[in-house]
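Let's take a walk through this protein together, one piece at a time. Keep the picture in view and look for each part as we come to it.

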Amino acid sequence: MKRNRTPHSQDKKPTTANGLLKTVLIITLLLSFTALIVGGYGIFKGQAPTPMEAVTPDGEVIMTEDTIKGGQAVFLKYGLMDYGTVLGNGSYMGPDYTAEALKVYTEGMQDYYADIDYSSKYTDLDEAKKAIIKDRVIKEIRENRYNEEENTLYVTDAQVFGIERVEAYYRDVFANGDGWGLKPGLIQESHLPETDRAYVADGDQVEQISHFFFWTAWLSSTERIGDEITYTNNWPYYEDAGNTMSYSAIVWSAVSITVLAIFIAIILYVFYKYHFGMEPAFTKDKYPVFDLKKKKVTVSQVKSAKFFLLVGIMFFVQVMFGALLAHYYTEPTSFFGLDWIYDLLPFGVAKGYHLQLAIFWIATAWLGLGIYLAPEVGGMEPKRQGLLVDILFWALVTVVGGSMIGEWLGINGFLGNLWFLLGHQGWEYLELGRIWQYALVAGLVIWLFILYRGIHSGLKKERDKGGLIHLLFYASIAVPAFYIFAFFINPEGSFTMSDFWRWWVVHLWVEGIFEVFAVVIIGFMLVSMKLVTKSSVVRMLYFQIILLLGSGVLGMGHHYYYNGSPEIWIAIGAVFSALEIIPLTLLVLEAYEQYKMLKAGGVHFPYKMTFWFLIATSLWNIVGAGATGFLINLPAVNYFEHGQQLTPAHAHAAMMGVYGMFAIAVMLYSLRHVVKPEKWNDKWLKVSFWTLNIGLFGMVFVALMPIGFIQLKEAFVNGYWSSRTSEFLQQDMIQNLLLIRGIPDTIFIIGVVILVIFFVKAMFHLKRPAYKNGDTIPEDE
């Protein structure tokens, strides 16, 4: 089969093709990131203070900045964000410590006044007396007594009583466990040196983490100076503390839907009027002929296969941890009576591994694809490319294995002051210690170097610096570049600002840059297979990237509604998060075009399974990333839902449904060329496809979504804290739904096992490389 390796021209003259679209893209990027950075500065200036001291009416200092920041470090050190949440950010089995501490603190103040005024407990008073005390506590708790000039927080006697109640509560929890999934005696002084501690202050760690939890409760219930809304925009919902949904959450929910309706009409008009869809490069009677027996491969392309085997192994282990996590919701301190599994891998450890491995295997699939594509794009096999691929592979194995070992050692207190450097960094999605983050970025840079060496010739030949190969290279540069923002996070830093930068990695890197990389790769594959015209794909890519980044960059603001950021982020996040659904909706049109290409290929089309998974990617994009994300990103919904089971419903549908399905698609595309054609069999891959998709659908819509809606109602009726209690999760209805979840989970696992077996068998049937160090690949190859 004669095919263009990459659509480029030998003409060296510059081109102005798609000049308007390029200009619009550049302007979009400049405006979006300028607004994001300016908005970040607003978060920095408007965040809640961490007082140097908290002082009682008697002049006694009861907590300091060091103990609050030290408590934050203790929270991170023991990986508690992978068990529960703070300010709604984290995992979903344990409580939200902000909401829980706010309740304990408020009830302490109520009991203080009940005893002073009526010599009774608050709960024993009649409704009239309760109303008097409740109103008094609300007024007192919402008054901001922070003195900016002195950097001192002045607290009342009632607040002191509430603070003492919070400390007593958590002293009991961390000594005896919470009866749900938290290990008794988790926090031990022996885990750190007595003095000269890293990030954690000298003294009692439980006292410090109590101070940190109280501080988050304080900023969530105390009004900003000169304002009538708290630092968390009145989140979490708790009427006894005066926290009710703000006007901005309601109005911007309505505005976002209105703006969405308008922009859908505008963008669809532009899409169809200016023909931004892909144009077929074939006719019904002239479909490209693919003879993979004649397809020769290079050394590095064959070596890319072991990356996919590693992906399969990590995928399987990640899913097994997911199954363990689901089980813990029904048996929180054991695995079918095997206590040693819980002792070795409690919920927090397993959750951290589950998240990290998801990112690792999906990213590794894309790294393998880049390694495979490089010689195909550049037309040659660079010297010692295979050696660099081997180095990258073992570096990746080291990072994955080393970080997982480090995380376990850090949480269990074996690393002392090195917990942040080598152990568990503490932030959900960014669990791996700092040294492993450096190693990960180094590996991504090595991968970028491998890719550049391979495509260098193609870049030189492509006269359009914004052409298809250049877009591929730019998207590849962004992969390591956007992970660098993880280094802006440190244990002693502002919690709100750390969360700001965390979402630069989680949202912009995982959801934004990966999305751009994905659409570029899909376009490139379709052009290289001579199924669509290059010019239409490049136009389509510019149009999609403008929409993706134009909405997605500022759409990240929905993560900032209630983490201590100013109220303006509710407006920004609501509007742009709603707009994010538009480019995802257009992918359904792309899925239909891919389906038509697939059908046109007939029975001899060798890339059927790649296309099946690409179509699934597009459909899950609208369902998982789009619809379920749109639901929880509306401020009026998010106010009650933040950190509940609707969030992992969206996360599973988006992460696995979009990025996971796409990763499988590109792996099958690459393996289709490096595995001997006579040894390839689509039969089991079809079974894997349907079991993965049916299992994922059941997991999301049969279990997680129903539980999420029940939890949403519980928060609306009884307050947010109630929806996060173990008592709520132990209700018969919830437990039955969790048991039913075992059916789709099992179906999904079957699909994973089939896929892994396929990858293992593929390793025994790889082609022998025809091109080695420095060989040029002929055009007809």
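Two strands are said to pair if DSSP finds at least two bridges between them. Keep in mind, too, that this is a predicted model.

Four strands build an open sheet, in the order β2-β1-β6-β5, and their pairing is mixed. At the edges stand β2 (61-64) and β5 (146-147); each has a single partner strand, so one side of each is left without a neighbour in the sheet. Now look between those edges. Strand β1 (residues 53-55) and strand β6 (residues 152-154) run parallel and are joined by three bridges. If you find V55, you will see Y154 of β6 standing opposite. While you are there, here is a handy idea for reading any sheet: in a regular strand, side chains alternate between the two faces.

Strand β7 (residues 424-427) and strand β8 (residues 430-432) run antiparallel, with two bridges joining them. Here H424 stands opposite L432 in β8. The hairpin of β7 and β8 has two residues between the strands, and Y429 takes a positive phi near 80° in this hairpin.

Next come the helices. To describe two packed helices, we use the angle between their axes and the distance between the axes.

Take helix α1 (residues 19-46) and helix α16 (residues 495-528), which pack at an angle of about 155° with their axes 9 Å apart. Angles over 145 degrees count as roughly antiparallel, and that makes α1 roughly antiparallel to α16. Their crossing is right-handed. On the α1 side, F33, L36, I37, G40, I43 and F44 meet T496, M497, F500, W504 and L508 in α16. Sorted by kind, the residues of this contact between α1 and α16 are nine nonpolar, two polar and no charged.

Helix α7 (residues 247-273) and helix α19 (residues 581-601) pack at an angle of about 45°, with their axes 10 Å apart. That makes α7 oblique to α19. The crossing of α7 past α19 is right-handed. From α7 the contact uses L260, F263, I264, I267, L268, F271 and Y272, and from α19 it uses I581, I582, L586 and L589. What kinds of residues make up the contact of α7 with α19? There are 11 nonpolar, no polar and no charged residues in it.

The last pair is helix α9 (residues 305-328) with helix α27 (residues 742-762), packed at an angle of about 160° with their axes 9 Å apart. This angle makes α9 roughly antiparallel to α27. The crossing of α9 and α27 is left-handed. Among the residues of α9 that meet α27 are F308, G312 and F316, and the α27 residues include D745, F748 and V752. The contact of α9 with α27 divides into 16 nonpolar, one polar and one charged residue.

Is L102 buried or exposed? Its relative accessible area is 0%, and under 20% counts as buried, so L102 is buried. Leaving aside neighbours within four places in sequence, L102 is in contact with I141, A217, S220, S221, P236, Y238, A241 and N243. L102 and L219 are 117 residues apart in sequence, and from C-alpha to C-alpha they are 9.8 Å apart in space.

How values were computed: Residues numbered from 1 in each chain as written. Predicted model: local features only at pLDDT ≥ 70, side-chain atom pairs only at ≥ 80, totals over all residues. Heavy atoms only, no water. Axes fitted to C-alpha atoms, helices over the stretch in contact; angles between N-to-C directions. Parallel < 35°, antiparallel > 145°, perpendicular 65-115°, else oblique. Left-handed = near helix turned anticlockwise from the far one by under 90°. Contact = heavy atoms within 4.5 Å. Nonpolar A, V, L, I, M, F, W, Y, C, P; charged D, E, K, R; others polar. Buried < 20%, exposed > 50% of the residue type's maximum accessible area, 1.4 Å probe, protein only.
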